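Subject: Structure handover

Dear colleague,

Here is the structure I said I would pass on. My notes follow below it.

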Amino acid sequence: MSHFPSPLDRLAIEVPSWAYGNSGTRFKVFGSAGTPRSVEEKIADAAVVHRLTGLAPSVALHIPWDLVDDFGALRTHAEEQGVRLGTINSNTFQDDDYKLGALTHTDAKVRQKAIDHHFECIDVMLATGSRDLKIWLAEGSNYPGQADLRGRQDRLAESLATIYERLVSVGEEQRLVLEYKFFEPAFYHTDVPDWGTSYAQVVALGERAHVCLDTGHHAPGTNIEFIVMQLLRLGRLGSFDFNSRFYADDDLIVGAADPFQLFRIMAEVIRGGGLDEDSEVAFMLDQCHNIEDKVPGQIRSVLNVQEMTARALLIDRDALTAAQEAGDVLGAHEVYMDAFSTDVRPALAAWREERGLPGSPMRAYAESGYQREIEESRVGGTQLSW
Ligand code: PSV
Ligand code: MN
């Protein structure tokens, strides 16, 4: 049964440039042999993931981490490697001026600096051919009374409107996606803590503003697939940042901590049309590989998404609906679990081989010698990290 329903052929997962650099926790960033010293080397690594899986045709950039002098040349470099440059992520979380806020700051000069940074990101998008500007804000406060919650929300709306206005003026395709996160780095309140706040802000902007759902950005126990359903229903699910977590925003390999949750999310994506031909939902990874090799870590990640998507596509929708409508609680649950419990790995290996890809991308990577090659050749220079 290597014939999966056609949405499987449409599944494309964008990889983040930062996953190829060194990362860590606030305690330690570990260096590792072979880590890229340039954005070009990050893209070369990302291209290997796509070559071996056929699943990762684009690479997201983070500005200023991935600033280069010539984004047109970077675009050509990516295309020569067989990938595209994707979402542009802004960064207003590593500058002293933003200690008390960026788009929400009480000082208009600081707000303008943060807005100008987004204008710069829009210029980058024009050079790279990117569709999406993704905004995640590290803004909030640590102590009750420290900040005027309402004033910050109003300033946020105003700043976002200025950015959105510029974005929609440069072309027809560009979109703004606003990512939410319930805490960290702020610990008392966060200005965009949940999907409802992100939704309220993007709806006020216009039709080309959407919500980004990062799977690591909810309180433990949150029913994430419900949020997926609701945002799809409302037509505002712009993108996913996939990763998995045990405790907080762990940024581990997607599907590693809870494959069943990933299955449930993909089941709602499919149910809500998120893999239909005309869907504009972007599937991205937002992960760090602190201790494992980064390229195979990314390969494992995109394969996990594919595997749970394939299982979710096996849900017998007619049988499920019949059981649901008949009030057959356990029958409906069994139909759902039958799909989750199916081992699709042999069928996926066949599916890959039919498309000229290695049946086992993980084994193909291990046998390719690429890891040894980058470890031996990438000496000198400064390894990239955040
Ligand atoms: C914030 O935790 C976040 O999820 C945002 O997407 C950032 O851009 C990214 O992580 C940085 O790693
Ligand atoms: Mn994220």
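Where does Thr382 lie relative to helix 14 (370-377)? Thr382 is in the segment after that helix; helices (H or I, at least four residues) and strands (E, at least two) are DSSP runs, numbered from the N terminus.

Some conventions before the rest. This is a predicted model, in which local features need pLDDT of at least 70 and side-chain atom pairs count only at pLDDT 80 or more, while totals for chains, interfaces and linings use all residues. Residues are numbered from 1 along each chain as its sequence is written, chains are lettered from A and ligands numbered from 1 in the order in which they are written, and side-chain values use heavy atoms, with hydrogens and water left out.

Overall

The protein chain has 14 helices and 10 strands. Its radius of gyration is 21 Å, which agrees with the value near 21 Å for a compact globule of 386 residues; the radius is taken over C-alpha atoms, and the globule rule is 2.2 Å times the number of residues to the power 0.38. Along the principal axes, the C-alpha atoms fill a box of roughly 60 × 60 × 40 Å.

Of the 386 residues, 54% are buried. Buried means under 20% relative accessible area, exposed means over 50%, and partly exposed is in between (1.4 Å probe, protein chains only). The chain exposes about 17,100 Å², and carbon and sulfur atoms supply 50% of that area; accessible areas come from the Shrake-Rupley method with a 1.4 Å probe, and for residues only the protein chains shown count as cover.

Taking contacts (heavy atoms within 4.5 Å) between residues at least 6 apart in sequence, 79% join residues at least 24 apart. The chain carries 36 positive and 59 negative charges, and their mean positions are 2 Å apart. Lys and Arg count as positive and Asp and Glu as negative, with His and the chain ends not counted; each charge is placed at NZ of Lys, CZ of Arg, CG of Asp or CD of Glu.

Helix 4 (residues 108-128) has 21 residues and reaches 30 Å from its first C-alpha to its last, close to the 30 Å expected at 1.5 Å a residue. The expected span is 1.5 Å times one less than the number of residues. Its buried residues include Val110, Ala114, Ile115, His117, His118, Phe119 and Cys121. The buried residues of helix 4 pack against strand 2 (58-62), helix 3 (71-81), strand 3 (84-89), strand 4 (132-136) and helix 5 (149-169).

Gly273, with a positive phi near 85°, follows helix 8.

Backbone points to check

Most residues other than glycine have a negative phi, and most peptide bonds are trans. The peptide bond from Ile63 to Pro64 is cis, with omega near 15°, and Pro64 sits in the loop between strand 2 and helix 3. Glu184 and Pro185 are also joined by a cis peptide bond, with omega about 10°. Pro185 lies in the loop between strand 6 (175-179) and strand 7 (189-190). Glu184 is not a glycine, yet has a positive phi of about 80°; at 32% relative accessibility, Glu184 counts as partly exposed.

Asp251, in the loop between strand 9 and helix 8, has a positive phi near 55°. At 13% relative accessibility, Asp251 counts as buried.

Thr382 is exposed, with a relative accessible area of 63%. Not counting residues up to four places away in sequence, Thr382 touches Pro36 and Arg37. Thr382 and Ser38 are 344 residues apart in sequence, and their C-alpha atoms are 8.4 Å apart.

Ser377, in helix 14, is partly exposed at 47% relative accessible area. Thr25, in the loop between strand 1 (13-16) and helix 2 (39-53), is partly exposed at 43%. Thr25 and Ser377 are 352 residues apart in sequence and 27 Å apart in space, C-alpha to C-alpha.

Regards
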